[in-house]
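Subject: Structure handover and notes

Hello,

The structure we discussed is below, followed by my notes. Please read them with the model open.

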Amino acid sequence: MSWEKEVDELNALKKKALEMGGDEAISSQHAKGRLTVRERIDLLLDEDSFNEHGKIAGGSERSEDGSLLDFTPANYVTGLGTIEGRPVAVGGEDFTVKGGSPNAAGLRKSVYAEELALQYKRPLIRLLEGGGGSVAGGKSNGPVGNPVYERPRFQPIAKLLGVAPVASAALGPVAGFPAARFTASHFSVMTKETAQILIAGPAVVSRALNKDLTKEDLGNFKIHSKNGVATNIAKDEEDALDQVKTFLSFLPTNVWDLPPVVSPGDNVDRCEDKLLSIVPKNRRQPFDMRKLIQLVVDRRDFFEMNKSYGPSLITGFARLNGQPVGIIGNDCRYYAGAMGADAAIKTKRFIELCDLFHMPIVNFVDEPGFMIGPDSEKAGTIRFGTSAVAAAVCSVVPWATVIVKKAFGVAAAAHFSDNSYVLAWPSAEMGALPVEGGVAVAFRKQIEAAADPEAYRQQLEAELAAKQSPMPRGESFSVHEVIDPRETRPHLCQWISWISPTLEDLKGPVTFGYRP
């Protein structure tokens, strides 16, 4: 007597689960330019590191004597694995079974993925492709709704955001609850050609609003890169998964760890001559802040996030002497770098992300102030901007602020923390208002009464611009140092050596958590 029969059935179920929706469904998936969830997991994780949970979860059909007739696997695959030796949890919809819309076992496993990451306190990677619930389940005669004692399905998702990094990749059409999961992430990336993010699909929209639109019309990459729903856009699935790996490489496994320091592969004393002339003498001429950042950080390696959302502010990760840091900078090619409502929201969320995972912040400032005008007022810029300022001044991680050019108005306060190490370039201009606007307001009557109003205006602007120079502030110890721009990297790497011993004190959860 042995259990050979039962083991044979177990192996048959495992084999059937690996077949997913079958050859025809897999071929259809490939024809659409998309990988299967198991192919994605293989591409993402270290070889042979995936430990699947619920291998035989699904629904079976059996004869009267209990023999297996057919089996439909859960259309959600989840488990534990590693990326470059570091532990992660991973889960994703199987679109080859029921188009990714959860069957009973698939729904349970999708909910379990967050529980799994919470239990082992490790990053969660979601590989999303599928729809939410279906009304077809309402035809069942079984129990309706969830039991009253069951905790809200979104609770573990919300808790996990305050414990470990969460990265989501939209690799096909994503609607309903999976779309909410996409946004409930610290990092979200969607493929350019094959992904769409939808609250509801075209059929529902047509029935409710009498508008006939495609999935692309409703939720393509152009829409969601500009509204901030997608952090980044990827050219294809491999690029999306590479971006997930890059994002996680900067972050700790959980909030009880620190971001991993690596060998810098760069000289801490590297000085770049190009920095001396990167800011034009002409105050109205723009410059390339991204190039500036790349000249300063390790190996010119800068991982930018949310580039198309709130484009006047730049946010991303880099390293200085191997230490991961959050980077904030102004892009003067958009609204002169002014902070609009979207840029303020983007900045606040980024500061909170760095606080949560104990990542020091380096801020390259060229801030003329909050964006002005009727559109800015309608967008509530002052409210969201003040929120960004509050996030900055309450930030718990060390900050280094490099005033590259402009630092004006209330918005400038969003670039300083209460523990900022402040450096200023000779090109820096600081004050309550930019010279041009300040002169126009304060000296309007005198300019109008002058024999040559334009010449007098230019004279006043030149006089006041000289007073906004960083030199008097350096003399007054209003900044820590006024520096040669070429020496920015050495100064910042030295700052890293000062703060490194203090980062241990930051370990653990932050009091405010993290919300999408």
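This is a predicted model: local features need pLDDT of at least 70, side-chain atom pairs count only at pLDDT 80 or more; totals for chains, interfaces and linings use all residues.

I began with strand β8, residues 187-191. All 5 of its 5 residues are buried, so the strand is largely enclosed by the rest of the structure. In a regular strand, side chains alternate between the two faces of the sheet. In β8, Phe187, Val189 and Thr191 point one way, while Ser188 and Met190 point the other way. Residues on both sides are buried.

β8 has a parallel partner in strand β7 (residues 166-175), to which it is joined by 4 bridges. Within this pair, Ala169 stands opposite Val189 of β8.

The β2–β3 hairpin

Strands β2 (residues 58-62) and β3 (residues 68-73) are antiparallel and share 5 bridges. Gly59 stands opposite Thr72 in β3. The hairpin has 5 residues between its strands, and Gly66 takes a positive phi near 90° there.

Thr315 is part of strand β12, residues 313-320. Its relative accessibility is 2%; the cut-off for buried is under 20%, so Thr315 counts as buried. What does Thr315 contact, leaving aside neighbours within four places in sequence? The list is Phe302, Glu304, Met305, Asn306, Ile327, Ile328, Lys346 and Phe350. For one of these, Met305, the C-alpha to C-alpha distance from Thr315 is 5.8 Å, at a separation of 10 residues in sequence.

Ser376 sits in helix α13, which covers residues 374-378. With a relative accessible area of 8%, Ser376 is buried as well. Not counting residues up to four places away in sequence, Ser376 touches Met371 and Thr381. With Thr381 there is also a polar contact, side chain to side chain, at 2.7 Å.

Cysteines

How many disulfides does a search of the whole structure find? The count is 0. Cys271, for example, is in no disulfide, and the nearest cysteine sulfur to it belongs to Cys493, 10 Å away. A disulfide would need the two sulfur atoms within 2.5 Å. Cys271 is partly exposed, at 40% relative accessible area. Cys394 is likewise in no disulfide; the nearest cysteine sulfur is that of Cys354, at 16 Å. Cys394 counts as exposed, its relative accessibility being 55%.

Salt bridges

There are 25 salt bridges in the structure. I looked at three of them.

- Glu19 and Lys16: the closest N and O atoms are 3.9 Å apart. The cut-off for a salt bridge is 4 Å. Glu19 is partly exposed, with a relative accessible area of 35%, and Lys16 is partly exposed too, at 32%.
- Arg270 and Asp266: the closest N and O atoms are 2.8 Å apart. Both residues are buried, Arg270 having a relative accessible area of 13%.
- Glu272 and Arg270: the closest N and O atoms are 2.7 Å apart. Glu272 counts as buried, at 10% relative accessibility.

Regards

Note on methods. Residues are numbered from 1 along each chain as its sequence is written. Side-chain values use heavy atoms; hydrogens and water are left out. Buried means under 20% relative accessible area, exposed over 50%, partly exposed in between (1.4 Å probe, protein chains only). Helices (H or I, at least four residues) and strands (E, at least two) are DSSP runs, numbered from the N terminus. Two strands pair if DSSP finds at least two bridges between them. Contact means heavy atoms within 4.5 Å. A polar contact is a pair of N or O atoms within 3.5 Å; within protein, one must be able to donate a hydrogen and the other to accept it, and residues adjacent in sequence count only if both atoms are side-chain atoms. A salt bridge is a side-chain nitrogen of Lys or Arg within 4 Å of a carboxyl oxygen of Asp or Glu.
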